[in-house]
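Me: I would like to learn how to read this model, feature by feature. Please give me the general idea each time, then the case at hand.

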Amino acid sequence: MPIILLTGASGVVGQALLEHLTGHTVICLTHRRPVTGPNVLGLRGDLTAPLFGLDPDEYDDLAARVDAIVHCAAVTGFSIGQEATRDLNVRGTSQVVELARRTGAPLHHVSTAFVDRQGRDTGSTARPDVYLASKRAAERLIRESGVPATIIRPSVVIGDSVTGRIAEFQGLHGIAGAILRNALPLVPLRPEARIDFVPQDLVGRTIAELVRSGETGGEHWITAGPAALTAGRMVELALEVGRDLGLRLDTPRLVSQDMVDRLIRPVFIDPLPARQRRRFDDMLAMTALFRTPEPFACTCVPLRAAELEAAFAASLRYYAHAKRLAEVVA
Ligand SMILES: NC(=O)c1ccc[n+]([C@@H]2O[C@H](COP(=O)([O-])OP(=O)(O)OC[C@H]3O[C@@H](n4cnc5c(N)ncnc54)[C@H](OP(=O)(O)O)[C@@H]3O)[C@@H](O)[C@H]2O)c1
């Protein structure tokens with residue numbers, strides 16, 4: 001059985017993937033959060049440091065053992081700053097490329113479907129454009145390196161399609177969570193905007209199959225593609241799930257970003273205290289990524305709308321229980 005090096009194993013994608021690599025020995029290069037498992041060999045390191053922060057013997061030993069590399073580690077937050085984002089996402093990736101070159105092991109690089117989209121600088125602390133520029137730069141350096149490498153582009157990853165479980169709540173959970181808390185009177189999205197998300201088990205399974213297939217090239221899109229739900233349907237579902245859980249929820253209004261800028265911001269947002277205004281602008285920076293009406297490409301097993309709806313509902317229920325929203329009502 002080939003030995004796989006996995007970076008970012010403690011993250012959302014890394015955890016989802018590990019569940020599908022049970023038959024393999026997986027060396028998990030971990031940074032702050034340790035990862036354990038019967039088939040896991042933990043190796044503490046830092047991708048931003050020379051030789052991953054390992055001593056030369058440890059690095060040589062790693063290079064001698066690895067048969068395939070899956071590179072998931074990245075700065076994924078939008079508010080971390082340009083320097084730190086580039087440090088891990090670009091310079092860290094170039095170090096992973098160097099290991100791939102030295103070992104000859106195929107590299108599976110996890111990028112994002114959103115390299116296709118433009119971020120919008122809303123003047124907030126959240127800068128998706130900085131994140132996306134770093135992901136494009138990482139893809140470019142992999143293509144130019146000539147090492148055998150696949151580029152994997154998931155859209156937004158939500159929880160497991162049945163249980164909703166996820167290692168960490170990220171952006172879309174934040175918006176859905178605000179709806180479940182009845183704290184979001186308006187959502188800065190057109191009702192017909194396509195919100196492309198995929199459950200984490202599809203992501204884990206697809207990457208594991210790619211590793212096992214021995215594939216050494218190509219762009220692999222793990223997305224809902226044309227089946228992606230609309231923002232209107234997503235909000236409806238959040239309300240349905242929340243009300244089923246006994247939460248009292250008002251129906252938020254979906255508004256275009258243009259309407260926010262022209263009518264809503266001057267009257268309702270500008271007068272808010274700085275912290276609330278920043279939170280709103282951070283959300284706006286994220287929802288701006290969903291402006292483009294064209295669906296993403298999709299090269300994975302296509303999901304049907306009903307499957308996406310069921311997966312989204314599972315994620316919402318998991319979130320509501322994890323945050324004890326349902327208990328508050330009971
Ligand atoms: N989640 C999504 O919705 C989504 C969608 C599309 C694409 N992606 C892509 O998928 C990949 C994984 O994303 P994710 O959401 O799983 O990330 P995540 O949950 O934010 O986890 C980030 C991972 O990077 C590791 N890391 C951070 N700094 C490090 C360093 N200096 N050296 C080594 N490792 C370091 C973290 O380890 P510690 O926990 O130990 O700090 C963690 O395992 C990324 O490339 C991301 O761009 C994610």
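**Strands and the sheet**

Reply: Strand E1 (residues 3-7) and strand E2 pair in the parallel sense over five bridges. This is a predicted model, in which local features need pLDDT of at least 70 and side-chain atom pairs count only at pLDDT 80 or more, while totals for chains, interfaces and linings use all residues. Residues are numbered from 1 along each chain as its sequence is written.

Me: What do the labels and the word "pair" stand for?
Reply: Helices (H or I, at least four residues) and strands (E, at least two) are DSSP runs, numbered from the N terminus. Two strands pair if DSSP finds at least two bridges between them. Strands of a sheet pair through backbone hydrogen bonds, either parallel or antiparallel.

Me: Which order do the strands of the open sheet have?
Reply: The order is E3-E2-E1-E4-E5-E6-E11, seven strands with parallel pairing. Strand E3 (40-44) and strand E11 (219-222) are the edge strands, each pairing on one side only. Neighbouring strands of this sheet are turned by 20° against each other on average, direction ignored; the axes are lines fitted to C-alpha atoms, for helices over the stretch in contact, and angles run from 0 to 180 degrees between N-to-C directions. Within the sheet, strand E5 (residues 107-110) pairs with strand E6 (residues 149-154) in the parallel sense over four bridges. Histidine 108 stands opposite threonine 150 in E6.

Me: Why is strand E2 described as largely enclosed by the rest of the structure?
Reply: A residue is buried if 20 or more other C-beta atoms lie within 10 Å of its own, exposed if 12 or fewer, and partly exposed in between, with C-beta atoms placed from the backbone. E2 (residues 25-30) is largely enclosed because five of its six residues are buried.

**Helices**

Me: How many residues does helix H9 have, and what does it reach from its first C-alpha to its last?
Reply: The expected span of a helix is 1.5 Å times one less than its number of residues. H9 has 14 residues and reaches 20 Å, close to the 20 Å expected. Helix H10 (residues 305-322) has 18 residues that should span 26 Å, and its end C-alpha atoms are 26 Å apart, which agrees.

Me: Which residues of H9 are buried?
Reply: An α-helix has 3.6 residues a turn, so residues three or four places apart point the same way. In H9, the buried residues are Phe280, Asp282, Met283, Leu284, Ala285, Met286 and Thr287. They pack against helix H4 (128-145), helix H5 (171-180) and helix H8 (257-269). Glycine 174 is found in H5, and its C-alpha atom is separated by 8.8 Å from that of methionine 283, 109 residues apart along the chain. Arginine 279, also found in H9 (residues 274-287), is partly exposed, with 17 other C-beta atoms within 10 Å. In H10, the buried residues include Leu308, Phe312 and Tyr319.

**Backbone angles**

Me: Which residues around the ligand come nearest?
Reply: A residue is near a molecule or strand if its C-beta atom, placed from the backbone, lies within 6 Å of it. Of the 28 residues around the ligand, Gly11, His31, Ala73, Ala74 and Val157 come nearest. Helix H1 (12-18) gives the most to the shell, with three residues.

Me: Is valine 157 buried or exposed?
Reply: Valine 157, placed in strand E7, is buried, with 24 other C-beta atoms within 10 Å. Two residues are in contact if their C-beta atoms, placed from the backbone, lie within 7 Å. Leaving aside neighbours within four places in sequence, valine 157 is in contact with Val12, Val13, Val198, Gln200 and Val203.
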